[in-house]
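Dear colleague,

Please find below the structure that I am handing over to you, together with its sequence. A summary of the findings follows it.

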Amino acid sequence: IERARGRFSHPVLEFHAHDAQRIDERFDPESFDLVVSLETFEHLPEPHLALYGIRKLLVPDGIVAVSCPNDHW
């Protein structure tokens with residue numbers, strides 16, 4: 001997080017570290033237009049919890065962009 005803040009600081013950007021499976025506890029419901037998750041879900045024991053949380057955070061017509069390697073499937 002500190003490295004990201006140092007390299008990409010901007011007045012409108014915030015950086016957070018939080019349990020992805022409980023992400024909906026960190027932010028208000030329907031507070032995001034876009035959620036991007038890159039190479040995250042394959043590391044989670046229960047990735048469906050993160051997806052449910054993201055759904056709660058998105059506005060009704062919000063967008064989710066996910067990248068996940070397909071190593072085993």
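R22 is partly exposed, because its relative accessible area of 40% falls between the limits of 20% for buried and 50% for exposed. Please bear in mind that this is a predicted model. R22 belongs to the loop that runs between helix 1 (2-8) and strand 1. Although 32 residues separate R22 from I54 in sequence, their C-alpha atoms are 9.3 Å apart in space.

The next finding concerns the largest pocket, which holds about 710 Å³ of space. Its lining is made up of 19 residues, and those closest to the centre of the pocket are H16, I23, F27, V35 and V36. Sorted by class, the lining residues comprise 14 nonpolar, 4 polar and 1 charged. Strand 1 and helix 2 (47-57) each contribute at least two residues to this lining. The greatest contribution is that of strand 1, with 6 residues.

Strand 1 also has a part in a feature of the surface. A nonpolar patch is formed there by L34, V36, L38 and I63, whose accessible area together is about 400 Å². Strand 1 (residues 32-38) provides the most to this patch, namely 3 residues.

With kind regards

Key:
Residues numbered from 1 in each chain as written. Predicted model: local features only at pLDDT ≥ 70, side-chain atom pairs only at ≥ 80, totals over all residues. Heavy atoms only, no water. Patch = residues over 30% accessible without salt bridge, like charges linked within 9 Å, V, L, I, M, F, W, Y side chains within 5 Å. Areas by Shrake-Rupley, 256 points an atom, 1.4 Å probe, with all protein chains shown as cover. Salt bridge = Lys/Arg side-chain N within 4 Å of Asp/Glu carboxyl O. Helix = DSSP H or I, 4+ residues; strand = E, 2+ residues; numbered from the N terminus. 1 Å grid on protein atoms, 1.4 Å probe; cavity = no way out; pocket = protein on both sides within 12 Å on 5 of 7 lines; lining within 4 Å. Points joined across faces, edges and corners; volume = space filled by probe spheres on them. Nonpolar A, V, L, I, M, F, W, Y, C, P; charged D, E, K, R; others polar. Buried < 20%, exposed > 50% of the residue type's maximum accessible area, 1.4 Å probe, protein only.
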